[in-house]
Amino acid sequence: MSLGGDDGYGGDYGQDPIRSGGASSGGHLTRTRLPEGDDDPFGPPRRGGGRAGKPSRNLVTVVGVVVLLIAAIAFANRGGGGDSSSDSGSDDGSGPSTNSRATAPTGERPVEGKDGVTGIASGFAKTEQGAQSAAANYAVALGSADMLNRDRRHEIVPQVFTSAAAGPLQGKLDKAYSTDFLKKLGLDENGKAADGLTYVSRTAPVGTKISKYAGGTATVAVWCTGVFGTAGEGSTNPVTNDWFTMTVRLRWAGNDWKAESYSQQNGPAPVNSDRTASTADEIAKAVEEYGGFTYAR
């Protein structure tokens, strides 16, 4: 999913002056499991002393696998419906917990749609899974490069936050993302990089954990990784990666989950690999060519 800017949500995690925000005073997800076994049904038939004139067992296996895959894909992509109470939390928090449970296909749509202006997913279910899905998508939006552009920021914040929290947060962010601050990042007053440079800022949630769910409120921690910086010749702010956890406090409002506040802390971070870094041109091209996703728990 893309909000514009660097063709996807992202975030300037390491240099964002707002480490927390909010009213502190106050697509389908499809997974197909391939069959397991020692034989490769798509491999060439075995050459052996089989009896002539009999249908190839491998051919029969291939047909069978194709039929099963088609059936599995059709089932996974069916919209809504079905009783998935065993996978979803209840409204009062008494249902099964999804704190550390791996994401599993439930047969239900994770969201109803997206906001037409911001492209942020909306219509999350009033369940623990729905709250985690909302937090993951909001974490991506709040780390977006578009948050550095005043006009885009004023579109994103009302979509993510409750009406009570959005107003105070807008003023706080407008002061934080000042012209002087943007200049230190090598950006103009609109959050744009100079000609020949590309500002990169993108977040990718790795997992979610819900620590509170009761009475139409939820607190969700979103473990994220991402890339940020400026790609291009002469850049003094090269693109690097980061790991952080964003905690989002949510409230059920207007028939959807909305954020009341958020905070951010570093890590958990793995050991960096010794992989050779890509060139600035490769990074800039990747940002332009690869779109983002709608995240669902």
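**Close-ups of ring pairs and a helix pair**

There are 7 aromatic pairs in this predicted model, counting rings of Phe, Tyr and Trp (its six-membered ring) whose centres lie within 6.5 Å. Residues are numbered from 1 along each chain as its sequence is written. Because this is a prediction, local features need pLDDT of at least 70 and side-chain atom pairs pLDDT 80 or more, while totals for chains, interfaces and linings use all residues; side-chain values use heavy atoms, leaving out hydrogens and water.

**View 1. Phe161 pairs up with Tyr262.** The two ring centres sit 6.0 Å apart with 50 degrees between the planes, so call this one tilted (under 30 degrees is stacked, over 60 edge-to-face, the rest tilted). Phe161 comes from the loop between α3 and α4, and Tyr262 from strand β7, 101 residues apart. Both Phe161 and Tyr262 are buried (under 20% relative accessible area, with a 1.4 Å probe and protein chains only).

**View 2. Tyr213 and Trp257 make another tilted pair.** Here the centres are 6.0 Å apart and the planes at 55 degrees. Tyr213 belongs to strand β4 and Trp257 to strand β7, so the pair ties together parts 44 residues apart in sequence. Tyr213 has a relative accessible area of 10%, and Trp257 has 0%. Ring pairs also bring in Trp252, giving a cluster of Tyr213, Trp252 and Trp257.

**View 3. Helix α3 packs with helix α4.** Their axes (lines fitted to C-alpha atoms over the stretch in contact) are 10 Å apart, at an angle of about 155 degrees. That makes the two roughly antiparallel (over 145 degrees). Among the residues that meet are Val157 in α3 and Leu169 in α4, with contact meaning heavy atoms within 4.5 Å.

Notes:
Axes are lines fitted to C-alpha atoms, for helices over the stretch in contact, and angles run from 0 to 180 degrees between N-to-C directions. Helices (H or I, at least four residues) and strands (E, at least two) are DSSP runs, numbered from the N terminus. Angles under 35 degrees count as roughly parallel, over 145 as roughly antiparallel, 65 to 115 as roughly perpendicular and the rest as oblique. Buried means under 20% relative accessible area, exposed over 50%, partly exposed in between (1.4 Å probe, protein chains only).
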